[in-house]
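Keep the model open beside you as you read.

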Amino acid sequence: MAIATSLKDQPLTFEYSEEQMLIRETINEIAQKEFAPRAAEVDKNHRFPRENWDLLAASDVCGLPFPEQYGGAGLDSLCYSIVVEELAKACATTSVMYSAHVSLTAKPIYIFGTEEQRQRFLVPMCQGKKLGAFALSEPGSGSDAAAARCTAVLKGDHFILNGSKNWITNGIEADYYLVLAQTDATLKHRGLVALVVEKGSPGFSFGKLEDKLGIRGSSTCQILFEDTPVPIENMLGSIGEGFKVAMLTLDGGRIGIASQAVGIAQGAWDHAFKYSKERSAFGKTINQFQAIQFMLADMQTEIDAARLLTYHASLAQDRGVKFSKEAAHAKLYASEVAMRNTVKCVQIFGGYGFVTDYPVERYMRDAKITEIYEGTSEVQRIVIANHVLKGM
Ligand code: CAA
């Protein structure tokens, strides 16, 4: 009986809806026409591509999974996953700029926010007028999220924030920062609070802008708080609920990173496939060598499997069931597929893969972060192990 119930919860097949097909075609066209041609320049100059954000806003996708009453498009998680994949195929920087905004900032505001907070923060985010960022990690705590030391002391109707946060995607470019801070260190994870901090708040400043291996246009920096007042109306949920907000947010965020990893892997594969048909060696094009054919076949098999795991997690999210394990499966597998397959794609290009004349070296550099942010591969294994061992 228990097996039958769990099988019932696992969709084995699906078809893309017309809406999902349309969103893929639309975003593919924009991303390939507009974002792909400038991706190398964005990477080279570490430049935040604001014009890409403006185009996403003009295309009405900044609030894609949120109801229309908040300015969203009311589409499902699979559509969101498809958008992130298509963006990553063209420009990984743009995909993370988008996913940090949607999954890591707008989503928790939608889930935990009051109607007033949704109107105040979510509506302009869905319209693309405001950009979001998520601030959990600190110089001394990444995987151990509960060890956050940034403090929030309630004084009257304001929290006073002190401390710093690291690795903030959308860094200096964002408008709203979802900050997880400690109200009482003795309570450990049960002392955390989630606050929306607005850029320009007193005592809020930016630290080092990171010089990164990949996703170099995405503006990653440290943010600093020195006696920064945050109105109590900016608290999501209640005091002590911050860890839950962070964990639930990351469950959704991990599907975004899995989608990004699928996009990076597929984008690199597409370049390698095209190159293999053009490049000749020993009197024939290299796609006629079985060594290359097998590499391409193995890679596409893994990419398809990663995509299905990602869709599986998206479908679980839309069904409203707990999807932490499914998200961890997808992120773990897809990010490792992206890493090993982009290395193979560089190999197919030989010497040309090692220089910037072709984009595959960028895909390889961009892939690495998918194994690290929003929970390292080791953290995903902890989450999966906690779930699978629970029943033993
Ligand atoms: N949903 C809801 N609640 C959850 C949860 C989830 N997915 N996971 C855990 N919880 C709850 C537990 O039920 C438990 O609740 P109680 O207090 O009621 O008992 C509580 O949280 C503590 O759970 P654990 O004991 O399992 O927590 P832990 O301290 O052992 O941590 C962890 C577990 C999985 C390692 C977690 O700390 C984690 O995910 N770490 C990684 C953090 C991370 O991904 N950081 C990336 C930051 S974002 C980023 O990358 C930057 C960017 O901008 C892209």
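Which residue in β3 does L154 stand opposite? L154 faces F159. This is a predicted model, where local features need pLDDT of at least 70, side-chain atom pairs count only at pLDDT 80 or more, and totals for chains, interfaces and linings use all residues. Residues are numbered from 1 along each chain as its sequence is written, and side-chain values use heavy atoms, with hydrogens and water left out.

Strands β2 (residues 151-155) and β3 (residues 158-169) run antiparallel and are joined by five bridges. Strands here are DSSP runs of E with at least two residues, helices are runs of H or I with at least four, and both are numbered from the N terminus; two strands pair if DSSP finds at least two bridges between them. The two strands form a hairpin with two residues between them, and G156 in the turn has a positive phi of about 65°.

D227, in strand β7 (residues 220-231), has a phi of about 50°, and E374 has one of about 55°. E374 sits in the loop between α10 (360-368) and α11 (377-390). Are these two buried or exposed? Here buried means under 20% relative accessible area, exposed over 50%, and partly exposed in between, with a 1.4 Å probe and protein chains only. D227 is exposed because its relative accessible area is 51%, while E374 is buried because its value is 13%.

Now let's go inside. A nonpolar core is a set of buried Ala, Val, Leu, Ile, Met, Phe, Trp, Tyr and Cys residues joined through side-chain atoms within 4.5 Å. The largest such core has 52 residues, and I23, F35, L56, L64, L87, Y98 and F134 touch the most other members. Elements giving two or more residues to this core include α2 (18-45), α5 (92-112), β4 (176-182) and α7 (242-278). Apart from it lies another core, of 38 residues, among them A88, A92, I286 and F349.

Finally, look at helix α8 (residues 290-319), where L308 lies. T310 counts as buried because its relative accessibility is 1%. Not counting residues up to four places away in sequence, T310 touches S81, I255, A258, S259, V262, A330 and A334.

Methods:
Contact means heavy atoms within 4.5 Å.
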